[in-house]
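User: I'd like to go through this structure and hear what stands behind each label. Can you take my questions one at a time?

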Amino acid sequence: MDYTALRSVSDSLINEFSNGQTAILLKGEKVKDTETGKIFKTFREVDGDSKAVMTSYSEEAIAASDGVLNAGDVKFVCRFSEVPTEIEDRIRYAGNDYNIVHCRPVNPTGDYVVVYIIQGRKA
């Protein structure tokens, strides 16, 4: 089955409900300071910024999550030109940075991602 039509519908809905907010994927990269030997993380913005829809989790969902969700966590529905990575990457949305806690691709065939559903936590 060809899921390109589903991706097109998904993109249209994201554009419609995004309120014009741009989502920027920030890929985390570990860098070693040659003088001190310390390792620190930097972030690079991924080209091809995308719009995203962001919603809050309900109090009921947070309570039923057995500690997986924290108060203030948000859910993004989005698509990027690169694959988002849990723990390492962030999303910049409406001027705020969110660590990616969990990322689930919606890919019915296993190789064609329609959208990503991402749990974000304010950085």
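Analyst: Here are the labels, each set against its cut-off. The model is predicted, so local features need pLDDT of at least 70 and side-chain atom pairs count only at pLDDT 80 or more, while totals for chains, interfaces and linings use all residues. Residues are numbered from 1 along each chain as its sequence is written, and side-chain values use heavy atoms, with hydrogens and water left out.

User: What makes the span of helix 1 close to the expected one?

Analyst: Helices are DSSP runs of H or I with at least four residues, and strands are runs of E with at least two, numbered from the N terminus. The expected span is 1.5 Å times one less than the number of residues. Helix 1 covers residues 4-17, which is 14 residues, and reaches 20 Å from first C-alpha to last, close to the 20 Å expected.

User: Which residues of helix 1 are buried, and what do they pack against?

Analyst: Buried means under 20% relative accessible area, exposed means over 50%, and partly exposed is in between (1.4 Å probe, protein chains only). In helix 1 the buried ones are Arg-7, Ser-10 and Ile-14. They cover an arc of only 60 degrees around the axis, so they sit on the same side of helix 1; that arc is taken from the directions from the helix axis to the C-beta atoms. An α-helix has 3.6 residues a turn, so residues three or four places apart point the same way. The buried residues pack against strand 3 (50-56), strand 4 (74-78) and strand 7 (115-122), where contact means heavy atoms within 4.5 Å.

User: Why is the pairing of Arg-44 and Glu-29 called a salt bridge?

Analyst: The term needs a side-chain nitrogen of Lys or Arg within 4 Å of a carboxyl oxygen of Asp or Glu. The closest N and O atoms of Arg-44 and Glu-29 are 2.7 Å apart, so the pair qualifies. Arg-44 lies in strand 2 (residues 39-45) and Glu-29 in strand 1 (residues 22-32), so the bridge ties together parts 15 residues apart in sequence. Arg-44 is partly exposed at 33%, and Glu-29 counts as partly exposed at 33% as well.

User: What links Asp-73 with Arg-121, and how far apart in the chain are they?

Analyst: They form a salt bridge, with closest N and O atoms 2.8 Å apart. Asp-73 is in the loop between helix 2 (59-63) and strand 4, Arg-121 is in strand 7, and 48 residues separate them. Asp-73 is buried at 2%, whereas Arg-121 is partly exposed at 25%.

User: Is Asp-97 buried or partly exposed?

Analyst: Buried, because its 19% is under the 20% limit. Its salt-bridge partner Arg-92, at 2.7 Å (N to O), counts as partly exposed at 27%.
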